[in-house]
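Hi everyone, thanks for coming. Have a look at what I've put up, and then I'll talk you through a few parts of it.

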Amino acid sequence: MRFELMYESFFKIIQGIPLTLEVVFLSTVCGLFLAVGVALMRVSENKFLSNPAYYFIYVIRGTPLLLQLFFIYYGLAQFIFIRESFLWFFLEDPLFCGVLTLTLSTAAYSAEIIRGGMQSIAPGLIEAASSMGMSKMQRLRKIILPITIRQALPAYGNELILMVKATSLISIVTLMEITGIARTIISKTYAPVEIFIVAGSIYLLINFLITRLIKFAENKLNHGTIY
Amino acid sequence: MMELITFGDTGWGDELLLSMVMTILVSTSSLAFGLLIGTIFASFKLSNSYVLKTIAEFYTTIVRGVPELLVIYLLFFGGSGAVMYMAKIFGHMGYIELSPFTIGTIAVGAISGAYSTEVIRGAILAVPKGQFEAARTLGMKKYAMSFNVIFPQVARLALPGIGNVWQVTLKDTALISVTGLVEIMRQSKIAAGSTHEPFLFYSIAIILYLFITSISYQFFNRAENKFSKGFVREGN
């Protein structure tokens, strides 16, 4: 065990934390909004809304994230009309492509989590709300979404951890976040175990903090709920 | 454009098909390896030994909390070294290099093993207590009880969970492409690079993965129905 190397590489690897957190934050926030939309489309009785949502979820959940990233980053760049359009400004940036891929991915997975939460709502609650004269929008805002959030929170916590882990893939498209830096150091020093311990501990710490945060939110939201 | 995906010397059809076989092979062997690890660590978690419990808890926490890519790098760069170190203890000197397939199977197997551990642990806990008691009352030894009474039931109860682990494992094998194993991901990257048609080949790769996931989804559904014959399912 080369402790000195571990000590030195720790200070190099922590420089990747901001990028990892930035990507996690941007893609989970954008992904969550998208997921609510996709989930609402998925449960809609209109086939023109529910079918696209179904296929979107099907394709994203059925293919590896790395392939999705390559498809967006390299695949779309093939077309001249894309390269000449304003889209190229975004698509030539690996960071944008990484965030876009992760956003779409988390949107599909979270949409299923949200759908599960929505379907667990007792029908009586919605009936009661409509018999009180609440409009569709009011029911959604005041009854359906608050209960869904509470129901879906534990599963969403797992999704957040998967997201933190998934950000490591953007290192393959040249972005130097935690895993990218760790990989560079490993191939220079040939000390895979030491670097794995350092980088792995940082990820474990981030994920531990997220788990705590979700637990805290769960307790807060379940305050006053009787099971 | 179509001639790019024909079979033969000029097209990439046969290479892509072969890479699909490789993806299926490495996923199956990873799942099998993962199930083996999962069974061992699930029994660790359910044992009375504090040490074994801690080891199993340590393993699942680390593997589930650290990116898959990092685990693959660890084994890719450190796997051969570890094997040579072990070989030295047994008196074997010299250079040993693990094939990308072996490294991939071990890495993805170790990852899927952590998820399998939880699935199998849950399934063992879901076997009614009476089954254990009845087996013991019949005078069955520990191993006879495990193999003839408990294990068949665990297999049935764990099947839906294993189906999920399979899907995750299959997708994780795409990451082994960084070690040079020519599976779908790697092959489509090579084809995209040499033909300058990334859109086409990544689209084909998407279709190939969707094909495997859809087929295996149906396979697991059938297996579940077959295994749960004679059991009433709630909600059906």
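So, how many residues of chain A are in contact with chain B, and how many of chain B with chain A? It's 31 residues of chain A and 27 residues of chain B, where contact means that the C-beta atoms, placed from the backbone, lie within 7 Å.

Quick housekeeping. This is a predicted model, where local features need pLDDT of at least 70 and side-chain atom pairs count only at pLDDT 80 or more, while totals for chains, interfaces and linings use all residues. Residues are numbered from 1 along each chain as its sequence is written, and chains are lettered from A and ligands numbered from 1 in the order in which they are written.

On confidence, the model scores ipTM 0.89 and pTM 0.90. Chain B averages a pLDDT of 90, with 97% of the residues at 70 or above; pLDDT is the predictor's confidence in each residue, from 0 to 100.

Back to the interface. On the side of chain A that touches chain B, H11(A) gives the most, with 8 residues. Helices here are DSSP runs (H or I, at least four residues), numbered from the N terminus. By class, that side of chain A has 21 nonpolar, 8 polar and 2 charged residues. Nonpolar covers Ala, Val, Leu, Ile, Met, Phe, Trp, Tyr, Cys and Pro, charged covers Asp, Glu, Lys and Arg, and the others, Gly among them, are polar.

Next, the largest nonpolar core, which has 108 residues. Such a core is a set of buried Ala, Val, Leu, Ile, Met, Phe, Trp, Tyr and Cys residues joined through C-beta atoms within 7 Å. Buried means 20 or more other C-beta atoms within 10 Å of a residue's own, exposed means 12 or fewer, and partly exposed is in between. A:Leu66 is one of the members that touch the most others. Leaving aside neighbours within four places in sequence, A:Leu66 is in contact with A:Leu169 and A:Ile172, and also with B:Ala174, B:Leu175 and B:Met185.

Last stop: two loop residues. A:Thr174 sits in the loop between H9 and H10 of chain A, and has a positive phi, near 70°, without being glycine. Is A:Thr174 buried or exposed? Exposed, with 11 other C-beta atoms within 10 Å. Over in chain B, B:His196 lies in the loop between H7 and H8, with phi near 60°. B:His196 is exposed too, with 9 other C-beta atoms within 10 Å.

Note on methods:
Contact = placed C-beta atoms within 7 Å.
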